[in-house]
Amino acid sequence: MKNWYSSYHQVLAFLSIFFFILHLTQLQHFQAAGAAEYVRPPPRRIISTTHNRPKSHPQQVHISLVGSDHMRISWITNDKSVPSMVEYGKVPGKYNASATGEHTSYRYFFYSSGKIHHVKIGPLDPNTIYYYRCGGVGDEFTFKTTPSKFPIQFALAGDLGQTEWTASTLAHVNKTDYDVLLLPGDLSYADSQQPLWDTFGRFVEKYASRRPWMVTQGNHEVEAFPILKINAFKAYNSRWIMPYQESGSHSNLYYSFDVAGVHIVMLGSYTDFDGDSAQYKWLQADLAKVNRKKTPWLVTIIHVPWYNTNIAHQGEGESMRKAMEDLLYKAKLDIVFAGHVHAYERFTRVYDNEANPCGPMHLTVGDGGNREGLALMFKKPTSPLSLFQEASFGHGRLRVLNRTHAHWTWHRNDDEHNSSISDEVWLKNLSVSEACKEAAEEDQEPSNAVNDEL
């Protein structure tokens, strides 16, 4: 039996790699210029997390924000008879509220998932600790809701995987309290080996069950084999449902949400994004509804960076930048966070490949831990747009203090036990900048004139 199991996974791994590469070459915005020159260093060990609970007990528990006062609880059971029900309250062991939700499952080649539960609970009080139990059995979990007003703190870590470096990153993230974790793509690095989705879910449970994790997809979530009619993002969309419907989106691959004065737009680098696409039209409508008096800060999360001076993944975000950058610039976007490149990089405020005080600051944080290693080589000479570069594993923190100022820090993993702040910067909100407001009005005047004539 063990020999058969091993051979099966070897064959599946080979097919996964072959068809995954085939699919990525067909994506219109995936251009591998320069990638052949980059050689990744050896990875660190992958941590395998086993399931040692009864079949009816919840595993892979994680939570996500839904609207201003609700939370989605997601988990998996091997027992298909367990109800999709969550009990919760403010006192340990005493649940004065409950909610039922939905469930799903999926097949992928010879793999069959467990029962995947998604339950929305609330309304919940802000900045409050809740205790909850999933399916009426098993361990009690706890989480803290987000604050309703400033200050608020976000942790950011992209390209996580489930290696020893990932464990180090998440341990450092957990040493200081935060309200929401933002993950710009590449979660499990399963790459079609579905059991790795399960080990990842168990690996991050002790963090993702306590604070909301808001994620977007990366290239390692695609998992599509067109020849074999395997749909893209099957595992990702089944396991990691985000509040896309609440934001008017028809796809789990792009959505937005508000939290404590910040409007966050999660975009999909691996779904259509040109001017005729559903994502582009949704983004137009979403930005038009943003009230900067209610949410003065505007942040976007993508997977593939639009600005990148690392030799790895050169040019891969350019077509998306050309399609969408103008929309976000006119909306006075404050920050763009990206992953994909396995290093940290901070740019000045930029628009259309030039420094611009009214453009967003771009930050690459694809250095969470992944199994592929770091992107060690940056282009020389250094671009004047790039202000800080470092190929180390780590995480970032964005502390939004009030409607005008925020503080960004990037924390390098020094070793298993310690991290240090390697880069930091203060940001001022663009929506309160009189100079940028005047520039936006000047840019809009010709456009309005054309519209009037039409």
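Buried means under 20% relative accessible area, exposed over 50%, and partly exposed in between (1.4 Å probe, protein chains only). D177 and K144 form a salt bridge, 3.0 Å from N to O. A salt bridge needs a side-chain nitrogen of Lys or Arg within 4 Å of a carboxyl oxygen of Asp or Glu. D177 sits in the loop between α2 (164–175) and β12 (180–184), and K144 in strand β10 (residues 140–144), 33 residues apart.

The model is predicted: local features need pLDDT of at least 70, side-chain atom pairs count only at pLDDT 80 or more, and totals for chains, interfaces and linings use all residues. Residues are numbered from 1 along each chain as its sequence is written, and side-chain values use heavy atoms, with hydrogens and water left out.

The count of salt bridges is 18. Among them are these:

| Pair | N to O distance |
|---|---|
| D125 and K90 | 2.3 Å |
| D177 and K144 | 3.0 Å |
| E390 and R412 | 2.5 Å |

E390 lies in strand β21 (residues 386–390) and R412 in strand β23 (residues 405–413), so the pair ties together parts 22 residues apart in sequence. E390 is buried at 15% relative accessibility, while R412 is partly exposed at 25%. Salt bridges with shared partners join K144, D177, D179 and R211 into one network.

Both D125, at 34%, and K90, at 44%, are partly exposed by relative accessible area. Across the 454 residues of the chain, 58% count as buried.

Technical notes:
Helix = DSSP H or I, 4+ residues; strand = E, 2+ residues; numbered from the N terminus.
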